[in-house]
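The following note gathers points for a colleague who is examining the model. Each point takes up one part of the structure.

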Amino acid sequence: MTAVDLGLPTAARPLKAKDFKSDQEVRWCPGCGDYAVLAAVQGFLPELGMARENIVFVSGIGCSSRFPYYLNTYGMHSIHGRAPAIATGLAVTRRDLSVWVVTGDGDALSIGGNHLIHALRRNVNLKILLFNNRIYGLTKGQYSPTSEVGKVTKSTPMGSLDTPFNPVSLALGAEASFVARALDSDRKGLTEVLRAAAEHPGTALVEIYQNCPVFNDGAFQSLREPGTREELIVPLRHGEPVRFGADGEFGVARDPRTGSLGVVGTAEAAPEGLVVHDAALDDPSQAFALSRLGGGDGSRCVPVGIFRDVRRPAYDDLAREQVREAARRRAPDLQALLDGPDTWTVTG
């Protein structure tokens, strides 16, 4: 879907990936997964066909939040956890903008958790890229809201006691209309998810598994290596049975006794017994069950792709319509607005 399809301003000429590279030196640690995500985003943005001045990236605080410096678009490096709030203001006041939020697992799910869930439930027209490396990287290696139980870090020398968030489950529980997961090392899969997120009218959250080579190196290594990734990554394809494995030898089926989803061998299971993925289901319960597959902690199997993609009115569109309706009903009267319906005059 292009800028024309979205009813947004178009670029004066066709743009290329290099047009979205700023003149700033990219300063992440060597081997950081952020480099791969930046390249994927810069390679994807020309597809929008939008003028660069109508694209905005807003970030909070963290390593990933340096993103706006490296993109030749408008952007704002804002404050810790508040990027969704600032981006909401932009989306509501400027329909002509494509607004993106770049955040990390600490920025989004700790100090910014409240802002995140309310942006999701409101369905503001935002695209949120949540980089998840399961650690605080910028502040030098403390455990984060997605760190696994028992994680030894500078702030948990005897191991973390906290149950971690599953960002996809959290987003689905907050009634997000679009939720997806991708890997920093999977350029093709990440680009496909970014494309779908950009086309979605409303809030789109994309969790991106991203490696921190300094403070949490190899957190998702098993999802990258041949021989293990085929047995762990569960690709979600809309309208198809959920199968995975090098030869499709595993599948996902519903337990008739408990109703929960689990992994089965496809040789023993009837083809019609496998769950068919439907991202467009209005009821998010199946998507939620997929997000919890294998315990939901990423240690046994990890669904990747689009979990949910449903249509409902976007908050910013509704807000603009409400303003227009108010203007139609009566001429603007600032004093009447300030007085409101419950105003008293007190005399001596």
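A crossing of helices is called left-handed if the near helix is turned anticlockwise from the far one by less than a right angle, and right-handed if clockwise. The structure is a predicted model, in which local features need pLDDT of at least 70 and side-chain atom pairs count only at pLDDT 80 or more, while totals for chains, interfaces and linings use all residues. Residues are numbered from 1 along each chain as its sequence is written, and side-chain values use heavy atoms, with hydrogens and water left out.

1. Helix pair α2 and α7. Helices (H or I, at least four residues) and strands (E, at least two) are DSSP runs, numbered from the N terminus. The axes of helix α2 (residues 34-44) and helix α7 (residues 187-199) come within 10 Å of each other and cross at roughly 50 degrees. Axes here are lines fitted to C-alpha atoms, for helices over the stretch in contact, and angles run from 0 to 180 degrees between N-to-C directions. Angles under 35 degrees count as roughly parallel, over 145 as roughly antiparallel, 65 to 115 as roughly perpendicular and the rest as oblique. The pair α2 and α7 is therefore oblique, and the crossing of α2 and α7 is right-handed.

2. Contact between α2 and α7. Contact means heavy atoms within 4.5 Å. On the α2 side, the residues are Val37, Ala39, Ala40, Val41, Gly43 and Phe44, and they meet Arg187, Leu190, Thr191, Leu194, Arg195 and Ala198 of α7. By class, the residues of this contact comprise 8 nonpolar, 2 polar and 2 charged. In this division Ala, Val, Leu, Ile, Met, Phe, Trp, Tyr, Cys and Pro count as nonpolar, Asp, Glu, Lys and Arg as charged, and the others, Gly among them, as polar.

3. Lys188. Helix α7 also holds Lys188. Buried means under 20% relative accessible area, exposed over 50%, and partly exposed in between (1.4 Å probe, protein chains only). Lys188 counts as exposed because its relative accessibility is 59%. From Lys188 to Phe57 the C-alpha distance is 22 Å, across 131 residues of sequence.

4. Cysteines. How many disulfides are found in the whole structure? The search finds 0, a disulfide being a pair of cysteine sulfur atoms within 2.5 Å. For Cys212, the closest cysteine sulfur is that of Cys63 at 6.4 Å, which is too far for a bond. Cys212 is buried, with a relative accessible area of 10%, whereas Cys63 is partly exposed, with 29%.

5. Ile135. This residue is found in the loop between β4 and α6. With a relative accessible area of 4%, Ile135 is buried. Leaving aside neighbours within four places in sequence, Ile135 has contacts that include Asp105, Tyr143, Lys151, Cys212, Phe215 and Asn216. Ile135 and Asn211 are 76 residues apart in sequence, and their C-alpha atoms are 9.7 Å apart.

6. Phe165. The loop between β4 and α6 also contains Phe165. Phe165 is partly exposed, at a relative accessible area of 41%. Not counting residues up to four places away in sequence, Phe165 touches Leu109, Pro145, Thr146 and Leu170. Leu290, 125 residues from Phe165 along the chain, lies 15 Å away, C-alpha to C-alpha.

7. Positive phi angles. Which phi values deserve a check at Asn123 and Lys140? Asn123 has a positive phi of about 65 degrees although it is not a glycine, and Lys140, likewise not a glycine, has a positive phi of about 80 degrees. Asn123 is in the loop between α5 (113-122) and β4 (127-132), while Lys140 lies in the loop between β4 and α6 (167-173). Asn123 counts as buried at 0% relative accessibility, and Lys140 counts as partly exposed at 45%.

8. Asn54 lies in the loop between α2 and β1 (55-59) and is buried, with a relative accessible area of 8%. Beyond residues up to four places away in sequence, Asn54 touches Pro9, Arg94, Asp96, Leu97 and Ser98. Pro235 is in strand β7 (residues 233-236) and counts as partly exposed at 24% relative accessibility. Setting aside neighbours within four places in sequence, Pro235 is in contact with Arg243, Phe244 and Val304.
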